[in-house]
Amino acid sequence: MTLADNFAAVEARIASACAAAGRPRHEVTLIAVSKKQTAEAIRTLAEAGQSRFGENRVQEAMSKMPELPGSLQWDLIGHLQTNKVKHAIFCEFGLIHSVDSERLLHALEAAAAEHGRRQPILLQVNVSGESSKFGLPPDQLLPLLETANSCHHLEICGLMTLPPFTEDPENAAPHFARLRGLRDRAERETGHRLPELSMGMSHDLEIAIREGATLVRVGTDLFGARA
Ligand SMILES: *Cc1c(COP(=O)(O)O)cnc(C)c1O
């Protein structure tokens, strides 16, 4: 299988999951997770037609971006440390998926103001309440959205989650449904639109699309297993 074959196979899975869910294909955007992949592999996938890539470390993204065409779009999907915030803003990521604390929100706001940029972000929620150490507890979502309202250099576009891994992807369904429910409730209570739901990876993207994902983050099934 070449990268172009992998890309076609993932695209076919997304299209059939959208069809099964009665959703138009354009409602779901594929983010190719390129962590630990070489610039060469990223370029090959870009030539096959993929334009949006996700990295999980700021330093790794900074080292690859200059080697690749300026037409590519980059998202930051991994945990962000406060001391990397300035670099993250400097990278001008299209979307930062992993904002999960008030401290991070304030640091991003300050750095974005200094850089003269309005940075799109998602709030990462730990819906399962276990396994993952990242993501805010669901009961902190509304207070954090209130804080975010006063951050004029941040644009809150929606929510992200990373459920615990289990063999059967169907087990992720309640976590995805919960994220969507939290989003619906937050929209009702704040009047603020949160259109994006970043959820679903290689092994559970069909389930995520069925439960309302607008952004799926796929690494392994596009690039092959990571070293
Ligand atoms: C690595 C990673 C992915 C992609 O996972 P695959 O199983 O390789 O598709 C998605 N989201 C996040 C946050 C990741 O770190």
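**Exercise 1.** How are H6 and H7 oriented to each other?

*Solution.* The model is predicted: local features need pLDDT of at least 70, side-chain atom pairs count only at pLDDT 80 or more, and totals for chains, interfaces and linings use all residues. Residues are numbered from 1 along each chain as its sequence is written, and side-chain values use heavy atoms, without hydrogens and water.

Step 1. The axes of H6 and H7 come within 11 Å and cross at roughly 50 degrees.

Step 2. Angles under 35 degrees count as roughly parallel, over 145 as roughly antiparallel, 65 to 115 as roughly perpendicular and the rest as oblique. H6 and H7 are therefore oblique to each other.

Step 3. Their crossing is right-handed. Leu141, Leu142 and Leu145 in H6 meet Leu182, Arg185, Ala186, Glu189 and Thr190 in H7, where contact means heavy atoms within 4.5 Å.

**Exercise 2.** Determine which residues of H6 are buried and where they lie around the axis.

*Solution.* Step 1. Buried means under 20% relative accessible area. In H6 (residues 141-149), Leu141, Leu144, Leu145, Thr147 and Ala148 are buried.

Step 2. These residues cover an arc of only 160 degrees around the axis, which puts them on the same side of H6.

Step 3. Their cover includes helix H5 (102-115), strand E5 (119-124), strand E6 (154-160) and helix H7 (173-190).

**Exercise 3.** Classify the aromatic pair found in the whole structure.

*Solution.* Step 1. The search finds 1 aromatic pair. Phenylalanine 53 and tryptophan 74 have ring centres 5.8 Å apart and planes at 40 degrees, so the pair is tilted. The criteria are centres within 6.5 Å, with planes under 30 degrees apart stacked, over 60 edge-to-face and the rest tilted.

Step 2. Phenylalanine 53 is buried at a relative accessible area of 0%, and tryptophan 74 counts as buried at 8%.

Notes
Phe/Tyr/Trp six-rings, centres within 6.5 Å; stacked < 30°, edge-to-face > 60°. Buried < 20%, exposed > 50% of the residue type's maximum accessible area, 1.4 Å probe, protein only. Helix = DSSP H or I, 4+ residues; strand = E, 2+ residues; numbered from the N terminus. Arc of directions from axis to C-beta. Axes fitted to C-alpha atoms, helices over the stretch in contact; angles between N-to-C directions. Left-handed = near helix turned anticlockwise from the far one by under 90°.
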